Number of protein chains: 2
Amino acid sequence: MKTIVIDDDIYAHLLGHTQEIGESATSILRRLLGLNTQSARTSSDVQETFDFLKLPELFRHMNNSQRFLFILSWAFRKHEKDFAKVVSIEGNRRKYFARDLETLQKSGSSVNPRQIPDSPFWVITNNSTAKKCEMLSDVFRLLGYQPEDISAMLRIALRP
Amino acid sequence: MKTIVIDDDIYAHLLGHTQEIGESATSILRRLLGLNTQSARTSSDVQETFDFLKLPELFRHMNNSQRFLFILSWAFRKHEKDFAKVVSIEGNRRKYFARDLETLQKSGSSVNPRQIPDSPFWVITNNSTAKKCEMLSDVFRLLGYQPEDISAMLRIALRP
DNA sequence: GATTCGATCGGAGGGATAGTTA
DNA sequence: TCTAACTATCCCTCCGATCGAA
């Protein structure tokens, strides 16, 4: 453990990103800086890889659509550099991801596009839960995650 | 200035992003977190009283109804002993709170009752946002909070 | 009148599934 | 023709502003 001194506004910024009451500075920073507990050890535990699974309090008040968007938002934050890859995920006619609303709207009707929170990307949303799972699978596969980890995560993260 | 304690690996990570010899932790963090401007913010009293306001990350993914229920759930956890008082909050005909679904259903039509998460209490939900605010006001007044604190909290917690 | 209360109903959101296409 | 994958219609639930009743 180390002790550091920081300006008040930085401190306030950290507080503003608390996700659990009483969350430690370390925990907040770990999330904001996109650091897994990798440094400690690479664990195959799903909760280590997908650290948002450690926030059941947050998830239990969300429906599948909100979770879907939240997970994508997390993925963007964690893989800002690589995330653009996801625009290659698409159907026969519909685009699933895009940098702008119009691209999605033009690619189909009633696609129900939503912006991925805190990102410049948009997703379509008019899909069954099964399809949402496939889409998330594709996203995380592209980002380099293992199939077993992904499906384990989805089983926890999305309601049947 | 604030002092925080962080894990060694986070500290190492910060050191690894030093751009000048002897650069301060604050300076590194400011860069890594994308905060260029100094915007010192004073921590509010309201956030101390209603500590769930420190969880904007959670709240921003919720709609007013979910927030309404979440706040009631928080109030129950915090005042488990006194919470039963809230059943005295009611309209002319409708019951607003009860220990069971039926009481609420019988007291009106389409009251849209929901269980307050992790509590044995139920609330009606078919109300305008303004009415939801009044209900929360009444709850917290009964629980001994100050009117100014309550309305300050509501201004933050429920979307207009 | 003025104000509070109730609950109808329009609108949005969610997503299963029927229908279509490859 | 059959099957698998994809699309988007459409029903249902949820939300809560608004208007009529008290």
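Which residue of S1(B) does Val5(A) stand opposite? In this predicted model, Val5(A) faces Thr3(B). The two residues belong to a pairing between strands of the two chains: S1(A) and strand S1 of chain B, residues 2–6, run antiparallel to each other and are joined over five bridges.

In total, 39 residues of chain A are in contact with 41 residues of chain B. The area buried between the two chains is about 4100 Å², with 62% of it on carbon and sulfur atoms. Of the area that chain A buries against chain B, 16% is supplied by Lys2(A), Ile4(A) and His61(A), more than by any other three residues.

Five salt bridges are found across the interface of chain A and chain B. A salt bridge links Asp7(A) to Arg30(B), with the closest N and O atoms 2.8 Å apart. On the chain A side, at least two residues each are supplied by strand S1 (2–6), helix H1 (8–15), helix H2 (25–32), helix H4 (56–59) and helix H5 (64–78). H1(A) provides the largest share of this side, namely eight residues. By class, the residues of chain A that touch chain B comprise 19 nonpolar, eleven polar and nine charged.

The surroundings of DNA strand D were examined next. Of the 19 residues around DNA strand D, those that come nearest are Arg93(A), Arg94(A), Tyr96(A), Asn126(A) and Thr129(B). The surface near DNA strand D is made up of one nonpolar, 13 polar and five charged residues. Among the atoms of DNA strand D within 4 Å of the protein, 74% belong to sugar or phosphate, and the rest belong to bases.

An N or O atom in the side chain of Asn126(A) is 3.1 Å from a base oxygen of DNA strand D. In Ser110(A), a side-chain N or O atom is 3.5 Å from a phosphate oxygen of DNA strand D. From chain B, the side chain of Ser65(B) places an N or O atom 3.4 Å from a phosphate oxygen of DNA strand D. Helix H5 (64–78) and helix H7 (129–142) of chain B are the elements that contribute two or more residues to the surface near DNA strand D.

Note on methods: Residues are numbered from 1 along each chain as its sequence is written. Chains are lettered from A and ligands numbered from 1 in the order in which they are written. This is a predicted model: local features need pLDDT of at least 70, side-chain atom pairs count only at pLDDT 80 or more; totals for chains, interfaces and linings use all residues. Side-chain values use heavy atoms; hydrogens and water are left out. Contact means heavy atoms within 4.5 Å. Buried area is the accessible area (1.4 Å probe) that two parts lose on being put together, summed over both. A salt bridge is a side-chain nitrogen of Lys or Arg within 4 Å of a carboxyl oxygen of Asp or Glu. Helices (H or I, at least four residues) and strands (E, at least two) are DSSP runs, numbered from the N terminus. Ala, Val, Leu, Ile, Met, Phe, Trp, Tyr, Cys and Pro count as nonpolar, Asp, Glu, Lys and Arg as charged, and the others, Gly among them, as polar. Two strands pair if DSSP finds at least two bridges between them. A residue is near a molecule or strand if one of its heavy atoms lies within 4 Å of it. A polar contact is a pair of N or O atoms within 3.5 Å; within protein, one must be able to donate a hydrogen and the other to accept it, and residues adjacent in sequence count only if both atoms are side-chain atoms.
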